[in-house]
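Me: Hi! I'd like to walk through this one with you before I set anything up. Could you start with the ground rules and then go region by region?

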Amino acid sequence: MTRADRRFMALAIALGRRGLGAVWPNPAVGCVIVQSGRIVGRGWTQPGGRPHAETEALAQAGAAAHGATVYVSLEPCAHHGKTPPCAEALVAAGVVRVVTAVTDPDPRVAGGGHAILRAAGIELVTGVLEQQARRANEGFLRRVTTGRPHLTLKLAVSLDGRIATATGESQWITGPAARRDVHGLRACHDAVLVGGGTARADDPSLTVRGLGVRHKPVRIVTSRHLDLPQESQLFREITAAPVWLCHGKDALPERREAWTGQGARLLEIDRQQGRQLDPVATLEALGAAGLTRVFCEGGGTLAGALLTAGVVDELVVYSAGMALGAEGQPCLGAMGIDALSVAPRFRLERLRAVGPDVMTRWRPVETG
């Protein structure tokens with residue numbers, strides 16, 4: 001591994017991130033083709049998952065790919081689908097060296113792409129900037145290995161951890177800069193998730209606005225009984241972006257028919273946790289549907305259930321400089337914690353000012 005290998009792989013990883021939120025169920029891959037120290041082609045996975053990054057980079061490089069080195073943030077695919085395997089395309093292009101960051105755990109690949117390259121006599125270097133590449137594609141990797149998508153939980157709270165006043169007023173605790181930041185986070189996820197209580201109380205649209213992007217993340221609501229108002233924005237403006245509703249077995253047929261007739265996709269969750277849908281089963285259903293990155297915006301009951309279930313992979317908190325007091329609504333519902341030793345713990349990864357507010361980003365503390 002050379003300094004140039006690390007530099008070009010860092011670029012490939014950065015290019016791959018451009019596809020986050022728009023390429024599911026495929027991974028967001030970046031590719032850079034280098035000939036005699038000069039970049040002759042680059043690409044990233046396109047919206048919808050195709051064309052793949054290697055296809056884009058090879059098309060840009062043309063004949064200059066012959067004899068070149070290729071940097072790919074994930075092992076090139078080895079299976080025939082809607083397009084031929086990328087590994088075979090690299091062989092056909094006449095490249096002489098391929099550098100990858102991560103082996104693809106998808107059973108259809110799982111080392112097969114690397115094997116095709118080796119069999120063709122191409123020099124192969126693996127594991128370059130592996131941790132950075134894993135972080136960039138953790139949603140895809142998590143879905144393949146665990147069956148559920150990467151889950152980011154966002155909380156917008158007062159200094160004393162409240163998300164609304166006693167009367168339910170919550171717009172707006174944080175300022176315009178923080179809200180714009182949230183739209184940026186929505187834009188790099190496959191889906192935005194809220195609980196039924198939030199959908200009823202806030203009537204959110206859950207779309208990406210004000211950034212000039214076309215990405216339309218799936219809008220998901222968990223509601224065991226499907227008791228959601230049909231005069232809501234989600235119902236009236238269902239063509240603005242896909243709407244998926246996770247519900248229980250006891251949701252009334254007329255409610256199901258109303259939403260499916262409007263164009264929503266319904267996912268029946270067959271397990272419950274108390275009176276709520278089981279969060280693990282819900283995420284597994286979303287993973288089975290192809291989602292790799294889900295951005296949860298609450299409310300408190302859903303947030304508490306996700307934390308209790310241990311499925312929060314990233315926690316983003318926007319804190320505003322105001323206090324609402326004990327009568328305000330807490331940011332988390334009941335979690336049944338009676339000892340500090342069982343409380344979910346997170347480590348701080350990032351802290352920055354967002355206008356007058358503060359954003360902190362946290363990751364779970366590894367146990368065991």
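Reply: Happy to! One term first: contact means heavy atoms within 4.5 Å. This is a predicted model, where local features need pLDDT of at least 70, side-chain atom pairs count only at pLDDT 80 or more, and totals for chains, interfaces and linings use all residues. Residues are numbered from 1 along each chain as its sequence is written, and side-chain values use heavy atoms, with hydrogens and water left out.

Me: Great. Which residues is Ile33 in contact with, leaving aside its neighbours within four places in sequence?

Reply: With those neighbours set aside, Ile33 touches Arg38, Ile39, Val40, Gly41, Ala57, Leu58, Ala61, Ala65, Ala68, Thr69 and Val70.

Me: And which residues have the most contacts inside the largest nonpolar core?

Reply: Those are Met9, Ile33, Val70 and Val98, in a core of 38 residues. A nonpolar core here is a set of buried Ala, Val, Leu, Ile, Met, Phe, Trp, Tyr and Cys residues joined through side-chain atoms within 4.5 Å. Buried means under 20% relative accessible area, exposed over 50%, and partly exposed in between, with a 1.4 Å probe and protein chains only.

Me: Which helix gives the largest share of this core?

Reply: Helix α1 (residues 3-17) does, with five residues. Helices (H or I, at least four residues) and strands (E, at least two) are DSSP runs, numbered from the N terminus. A second, separate core has 29 residues, including Leu153, Leu277, Ala281 and Leu291.

Me: Switching to α3: which of its residues are buried?

Reply: In α3 (residues 86-93), Cys86, Ala87 and Leu90 are buried. They sit on the same side of α3 because they cover an arc of only 110° around the axis; that arc is taken from the directions from the helix axis to the C-beta atoms.

Me: What covers them?

Reply: The cover includes α2 (53-61), β3 (69-72), β4 (97-100) and α4 (112-119). Just after α3, Gly94 has a positive phi of about 85°.

Me: On to charges. How many salt bridges does the structure hold?

Reply: It holds 20 salt bridges, each being a side-chain nitrogen of Lys or Arg within 4 Å of a carboxyl oxygen of Asp or Glu. One of them joins Asp313 and Arg148 at 3.0 Å, N to O. That pair links distant parts of the chain, 165 residues apart: Asp313 is in the loop between α12 (300-309) and β15 (314-319), and Arg148 is in the loop between α6 (138-146) and β6 (150-157).

Me: Are Asp313 and Arg148 buried or exposed?

Reply: Both are buried.

Me: What about Glu349 and Arg363, how far apart are the closest N and O atoms?

Reply: They are 3.6 Å apart in that salt bridge. Glu349 belongs to strand β17 (residues 346-354) and Arg363 to strand β18 (residues 357-364). Glu349 counts as partly exposed at 33% relative accessibility, whereas Arg363 is buried at 7%. Salt bridges that share partners join Arg135, Glu138, Glu314, Arg347, Glu349, Arg361 and Arg363 into one network.

Me: Last one, I need to look at a histidine. Where is His215?

Reply: His215 is in the loop between α8 (196-202) and β9 (218-222), and is buried because its relative accessible area is 19%.

Me: Which backbone oxygen does its side chain reach at 2.9 Å?

Reply: The side chain of His215 reaches the backbone oxygen of His189 at that distance.

Note on methods: A polar contact is a pair of N or O atoms within 3.5 Å; within protein, one must be able to donate a hydrogen and the other to accept it, and residues adjacent in sequence count only if both atoms are side-chain atoms.
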